[in-house]
Amino acid sequence: MKKTKLVFLFALVGILLAMPTFAQQAGPDGGAAAVNWGVALGALGLGIAAAGGALGQGRAAGEALAGMARNPGATGRIQTALLLSLAFMESLVIFTWVMVFLLRQG
């Protein structure tokens, strides 16, 4: 139960620290500038993609190590498959990162 409360506390602090990012700035005519919701959604998507990628990579590495421990003879094949899958997982996060920049410029 303590761990859940700690994770919730860190998430709450992170949200509160990020709030000034979405504060409205004055536009060129002195009025409020339009909020670019694409950037906000892109940043949220990037966070979710990074978290999902990290969880997936951790699980893949753990399972690969367990497989190598059970069958040391298959270490080479497991390692090759692990590196390939880690590259695919990381490419999805990088793709999301690129999409955030494309949304920002649009």
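Buried means under 20% relative accessible area, exposed over 50%, and partly exposed in between (1.4 Å probe, protein chains only). With that in hand, here are the views.

**View 1. Ala81 on helix 3.** Ala81 sits in helix 3, which covers residues 75–105; helices (H or I, at least four residues) and strands (E, at least two) are DSSP runs, numbered from the N terminus. Ala81 is partly exposed because its relative accessible area is 46%.

**The model behind the views.** This is a predicted model, in which local features need pLDDT of at least 70 and side-chain atom pairs count only at pLDDT 80 or more, while totals for chains, interfaces and linings use all residues. Residues are numbered from 1 along each chain as its sequence is written, and side-chain values use heavy atoms, with hydrogens and water left out.

**View 2. Ala64 on helix 2.** Ala64 belongs to helix 2, residues 37–70. Is Ala64 buried or exposed? Ala64 counts as buried because its relative accessibility is 8%. Leaving aside residues up to four places away in sequence, Ala64 touches Ile78 and Leu82; a contact here means heavy atoms within 4.5 Å. Gln79 is 15 residues from Ala64 along the chain, with 7.3 Å between their C-alpha atoms.

**View 3. A nonpolar surface patch.** Ile94, Phe95, Trp97, Val98, Met99, Phe101 and Leu102 make a nonpolar patch of about 680 Å². Patches consist of residues with over 30% relative accessible area and no salt bridge, with like charges joined within 9 Å and nonpolar side chains (Val, Leu, Ile, Met, Phe, Trp, Tyr) within 5 Å. A salt bridge is a side-chain nitrogen of Lys or Arg within 4 Å of a carboxyl oxygen of Asp or Glu. Ile94 lies in helix 3 and is partly exposed, at 43% relative accessibility.

View 4. Leu46 is 53 residues from Met99 in sequence, yet their C-alpha atoms are 8.8 Å apart in space.

**View 5. The whole chain.** The protein chain has 3 helices and 0 strands, in the order α-α-α from the N terminus. Of its 106 residues, 13% count as buried. The accessible surface comes to about 8,400 Å², and 72% of that belongs to carbon and sulfur atoms; areas come from the Shrake-Rupley method with a 1.4 Å probe, and for residues only the protein chains shown count as cover.
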